[in-house]
Amino acid sequence: MKVFIACLGTETNTFSPIPTGYETFAESMLFDGDATRQPANLFSEPLIVWRDMAEAMDAEVIESLAAFAQPAGPTVRRVYEGFRDRILADLEAALPVDMVLINMHGAMVADGYPDCEGDLLGRIRALVGPQTIVGGELDLHCSITQAMIGAADVLITFKEYPHIDGRARAEELFTICDAARRGAVRPEMSVRDLRMINMWRTTEAPGSTIVSAMQEAERRNDILSVSFAHGFPWGDVPEASAKVLVVSDNAAPAGSAVAEDIADLIWQQRDGVNGTLPGVADAVQMALAAPQGPVVLADVADNAGGGAPADSTFILSHLLEIGATGVLSGFYWDPVAVRFCFEAGEGASLALRIGGKCGPESGQPIDLKVTVRGLVADAKQSFGSASQSMGRAAWVSSGGVDLILNENRTQVFHPDGFTQFGLDLAKAKIIVVKSTQHFHAGFAPIAGKIIYVAAPGAIPPDFANIPFEVFQQPFWPRVAEPFA
């Protein structure tokens, strides 16, 4: 057996002014056929799983490019086409192959390509023909398009948000695709469009209830996999809405029925999704009044994982204005400030302008007299069983506020992004994290309380008023009855 594996993806915020070019991929994840020989991160880990499973069966593995970029604006056309064509060239040279397994995001847009995954999968299918099994693993914040369904045999998304199940989904995809290769199953995909634009946290109901229902449906013999593709709210593409995807074993009517049942459950639970969040002042007041700390404030509108700059100062400005102490906040994407800190050195005191550099949605820069408390030349943080680079990073303090500044734009995933500097999070009264939900797995065990904050920013949680132009379908919550 011969198995071809590769990765290409990013989560594209089509409203973001930050272009996604070669350098963004290079500082996020770019491996030339050797990702499985490197320390794992979220989007290389599936390739490691696939290699291990294939080699355990004495299969030959052909590994191509593994490229993934931190979410931002549309990918530069020549960059996407270059990466895509490299994967296709490697595949053509490897033919014939029995399986093609591609790790993608599912919400990648490039200049001239509103559906990069559909384009890539379609070209793969054209190369390998109808007999080769083609499978893809996707982030759950993806768009399931007709082009993707038409080209692949099996597509599976993460179930959990935060994404703690990437490895399990990779194992699931390999198992189904190998069974299809052997003729033991005949995958058929059924899709149900929800006409919804929102975000579902699976750490609590209704998100957790939906995950349980999907897992229950998978216990049926004729159902191989059930996915809930949440969609990516800030991707203005023709097929943007959330969908349910069911892979059945030669049982399309059963798959469609399960998709309908899950869709009905999601619709019935809609009023429990993302209620009104407190603004900055109210959230801070709630944190200060909490009997036990640390209280985690999630700055959801400045999440680098959604394409935001991660340099906004709205919450920080308010905390400074009221003289709050015991505050720890990060990560601020500010390569200029980081450079100044490294030039000055640990222990130095200097006037530093922090954040507010990327535009109006970043707020105003903050000028502080800071002390450089710690410097890490190759900072990292955990993300599940993988690791995420932060680049060079600096810990600075001013009064009762401690800040982490970093060179590589990334959201907060784990407390070790802070503790690597020697910080004791238990001593903080308030921890402000620039993240929408991925912080939750690491911070929930240490938090006295978690508050999601509706601060201004690049990706505010106002789903009814996202200024779509390409996506024209009626959707909830903008329309009460989108199927009417």
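How many bridges join strand S1 (residues 2–12) to strand S3 (residues 60–72), and in which sense do the two strands run? Nine bridges join them, and the strands run parallel. Two strands count as paired if DSSP finds at least two bridges between them.

## Basis of the model

This is a predicted model, in which local features need pLDDT of at least 70, side-chain atom pairs count only at pLDDT 80 or more, and totals for chains, interfaces and linings use all residues. Residues are numbered from 1 along each chain as its sequence is written, and side-chain values use heavy atoms, with hydrogens and water left out.

Helices (H or I, at least four residues) and strands (E, at least two) are DSSP runs, numbered from the N terminus.

## The six-stranded sheet

Strands S1 and S3 belong to an open sheet of six strands with the order S2-S3-S1-S4-S5-S6 and mixed pairing. The edges are formed by strand S2 (29–32) and strand S6 (154–157); each has a single partner strand, so one side of each is left without a neighbour in the sheet. On average, neighbouring strands of this sheet are turned by 15 degrees against each other, direction ignored. Within the sheet, Leu 8 stands opposite Ala 67 in S3.

Two helices lie across these strands. Helix H2 (residues 45–56) lies across S1, S3, strand S4 (99–103) and strand S5 (133–138), and runs at about 170 degrees to S1. Helix H6 (residues 166–182) lies across S4, S5 and S6, at about 165 degrees to S5. Axes are lines fitted to C-alpha atoms, for helices over the stretch in contact (heavy atoms within 4.5 Å), and angles run from 0 to 180 degrees between N-to-C directions.

The structure holds 26 salt bridges, a salt bridge being a side-chain nitrogen of Lys or Arg within 4 Å of a carboxyl oxygen of Asp or Glu. One of them joins the side chains of Arg 167 and Glu 45, at 3.3 Å from N to O. This pair links distant parts of the chain, with Arg 167 in helix H6 and Glu 45 in helix H2, 122 residues apart. Accessibility is classed as buried under 20% relative accessible area, exposed over 50% and partly exposed in between (1.4 Å probe, protein chains only). Arg 167 is partly exposed at 35%, whereas Glu 45 is buried at 5%.

Glu 172 forms a salt bridge with Arg 169, the closest N and O atoms being 2.6 Å apart; both lie in helix H6, three residues apart, about one turn of the helix. Glu 172 is buried, with a relative accessibility of 13%, and Arg 169 is buried at 13%. Arg 181 forms a salt bridge with Asp 178, with 2.8 Å between the closest N and O atoms. Because Arg 181 and Asp 178 are three residues apart in helix H6, about one helical turn separates them. Arg 181 is partly exposed at 30%, while Asp 178 is buried at 6%.

Strand S7 (residues 187–193) runs antiparallel to S9 and is joined to it by seven bridges; Val 191 has Leu 245 in S9 as its bridge partner. Strand S8 (residues 223–229) also pairs with S9 in the antiparallel sense, over six bridges, and the bridge partner of Ala 229 in S9 is Lys 243.

In strand S10 (residues 295–299), five of the five residues are buried, so S10 is largely enclosed by the rest of the structure. In a regular strand the side chains alternate between the two faces of the sheet. Val 295, Leu 297 and Asp 299 point one way from S10, and Val 296 and Ala 298 the other way. S10 pairs in the parallel sense with strand S16 (residues 430–433) over four bridges and with strand S17 (residues 449–453) over five bridges. Val 296 has Ile 431 as its bridge partner in S16 and Ile 450 in S17.

## A buried arginine without a salt bridge

Arg 409 is found in the loop between strand S15 (401–406) and helix H12 (416–419). Arg 409 is buried yet has no salt bridge, and the nearest side chain of opposite charge, Glu 27, is 6.1 Å away. For charge, Lys and Arg count as positive and Asp and Glu as negative, while His and the chain ends are not counted. The side chain of Arg 409 reaches the backbone oxygen of Ala 308 at 2.9 Å. Not counting residues up to four places away in sequence, Arg 409 touches residues including Ile 18, Glu 27, Gln 70, Ala 308 and Trp 333.

Methods. A polar contact is a pair of N or O atoms within 3.5 Å; within protein, one must be able to donate a hydrogen and the other to accept it, and residues adjacent in sequence count only if both atoms are side-chain atoms.
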